[in-house]
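Hi everyone, thanks for making time today.

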Amino acid sequence: MFQYLTQLQGEARHLREGLKVSNDRLESMKQKMMRKRRENSYSDGRQYYKSPLPLFADKAEGKRFEREQMDMLVRCEWATRFGPEEKKSHALPRT
């Protein structure tokens, strides 16, 4: 009986260790996923936005492009979220 109990305790310890490894892997995958979400500073499930500034030698031009791009993203969301009548009461500014 003692030998059987010792064997069961060993198996239980092995299972706990396996569970810990699985939980560690799961946590690691969650952290990687969060890092990826942070890398994409804007994510709404349909579009991913990353700053285009590194693509421009002139920082001012990059900022202007970024501002125009963000303006278009906001306008697209507005266009899809509001119906024709709601657009009248929730009008967007020109810029």
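By exposed I mean over 50% relative accessible area, while buried means under 20% and partly exposed is in between, with a 1.4 Å probe and protein chains only. Before I go on, a word on what you are looking at: this is a predicted model, where local features need pLDDT of at least 70, side-chain atom pairs count only at pLDDT 80 or more, and totals for chains, interfaces and linings use all residues. Residues are numbered from 1 along each chain as its sequence is written, and side-chain values use heavy atoms, with hydrogens and water left out.

Back to our two residues. The side chains of Lys-88 and Glu-85 form a salt bridge, 3.7 Å from N to O. A salt bridge here is a side-chain nitrogen of Lys or Arg within 4 Å of a carboxyl oxygen of Asp or Glu. Lys-88 and Glu-85 sit three residues apart in helix H3, residues 84-89, which is about one turn of the helix.

Now let's step back to the whole chain. It has three helices and two strands, and from the N terminus on the order is α-β-β-α-α. Both kinds of element are DSSP runs numbered from the N terminus: helices are H or I with at least four residues, and strands are E with at least two. Of the 95 residues, 7% count as buried. The accessible surface comes to about 8,700 Å², and 58% of that belongs to carbon and sulfur atoms. Those areas come from the Shrake-Rupley method with a 1.4 Å probe, and for residues only the protein chains shown count as cover. As for contacts, meaning heavy atoms within 4.5 Å, take those between residues at least 6 apart in sequence: 22% of them join residues at least 24 apart.

How many salt bridges does a search of the whole structure find? The count is four. In general, side chains of opposite charge can pair when their charged atoms come close.

In one of them, Lys-20 meets Asp-24, with the closest N and O atoms 2.9 Å apart. Why are these two about one helical turn from each other? Because they are four residues apart in helix H1, which covers residues 2-39. Lys-20 is exposed at 53% relative accessible area, whereas Asp-24 is partly exposed at 41%.

In the other, Asp-71 pairs with Arg-75, and their closest N and O atoms are 3.2 Å apart. Both belong to helix H2, residues 59-81, and are four residues apart, about one turn of the helix. Asp-71 is partly exposed at 29%, and Arg-75 is partly exposed too, at 24%.

While we are in H2, please find Glu-77, which also lies in that helix. Is Glu-77 buried or exposed? At 12% relative accessibility, it counts as buried. Its side chain makes a polar contact of 2.7 Å with the side chain of Arg-81. A polar contact is a pair of N or O atoms within 3.5 Å; within protein, one must be able to donate a hydrogen and the other to accept it, and residues adjacent in sequence count only if both atoms are side-chain atoms.

Next, the aromatic rings. The whole structure contains one aromatic pair. Phe-56 and Phe-65 form it, and it is tilted, with 5.3 Å centre to centre and 45° between the planes. For such a pair, ring centres of Phe, Tyr or Trp (its six-membered ring) lie within 6.5 Å; planes under 30 degrees apart are stacked, over 60 edge-to-face, and the rest tilted. Phe-56 is partly exposed at 23%, and Phe-65 is partly exposed at 36%.

Pro-52 is buried, at 4% relative accessibility. Leaving aside residues up to four places away in sequence, Pro-52 touches Gly-62, Phe-65, Glu-66 and Gln-69. Pro-52 and Phe-65 are 13 residues apart in sequence and 7.7 Å apart in space, C-alpha to C-alpha.

That's my tour, and I'm happy to take questions!
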